[in-house]
Structures are given as C-alpha cells and as structure tokens.
Amino acid sequence: MITTQDIETIIVGGGVMYSTNGDEIGSVRQVYLDDKTGEPSLVRVSTGISITSESFVPLVEATMEGNDLHVPYSKDQVKDAPPMDAEGGISPEEQARLYS
C-alpha cells in the first residue's frame, strides 16, 4: 500500500510507473488522495509526450521500489483507461469504469 509519506519520494524523486511484467508505463505526474481517508488512491501518469497521453491509475495493490511504482496492470490497460477531462479530472462514471 502506498502511504502519504511515499508521495514526496515518488514525485520529487521523479517516479516512473512499471507494469505487471516490468514494462515502463510512464512518468508519475501527480498523486490524488481519497476524499474520505486522506490516503493516496490514484496517480496521474504520462504515457506519452502530450497531456492527452496521460491516464489515471488506481493505487490498489501498487508497490514501491525506490522512487518507482509497480502496478498490477499492463501498459495497454493503463493506456486504455478513461481519459482526463480539460480540468484534469474524470467523471464519477469514468471513475467507476477505471476501478472495474
């Protein structure tokens, strides 16, 4: 489980996200906290060179190794995640799809 203490290590350290089979997915851009618990629940990861190539990734079952995150998803699953809107958010429906 990723904790609030891990956030600075990930962001300041230039954390990179890796898939289940060790493929590099992209650079971690931002960590989002759960409104109720205050614990990290999502990250925004850059999967390309433009802002339209960014995805939200749930931190459920994510682990850290140094500054990097390892998630239980393939690179394709992350790239196929619901897109962010212009304000950098996702709708409740898209959030439900993201977690499914």
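## Terms and model

Two strands are said to pair if DSSP finds at least two bridges between them. Helices (H or I, at least four residues) and strands (E, at least two) are DSSP runs, numbered from the N terminus. This is a predicted model, in which local features need pLDDT of at least 70 and side-chain atom pairs count only at pLDDT 80 or more, while totals for chains, interfaces and linings use all residues. Residues are numbered from 1 along each chain as its sequence is written, and side-chain values use heavy atoms, with hydrogens and water left out.

## The sheet

Strand β1 (residues 16–18) pairs with strand β6 (residues 68–70) in the parallel sense over 2 bridges, and here Tyr 18 stands opposite His 70 in β6. Strand β3 (residues 40–46) and β4, in contrast, pair in the antiparallel sense over 5 bridges, with Ser 46 opposite Glu 54 in β4.

The open sheet has 6 strands in the order β4-β3-β2-β1-β6-β5, with mixed pairing. Because β4 and β5 (63–65) stand at the edges with a single partner strand each, one side of each is left without a neighbour in the sheet.

## Strand β4

In strand β4 (residues 54–58), 5 of the 5 residues are buried, so the strand is largely enclosed by the rest of the structure; buried means under 20% relative accessible area, with exposed over 50% and partly exposed in between (1.4 Å probe, protein chains only). In a regular strand the side chains alternate between the two faces of the sheet. Glu 54, Phe 56 and Pro 58 point one way from β4, whereas Ser 55 and Val 57 point the other way.
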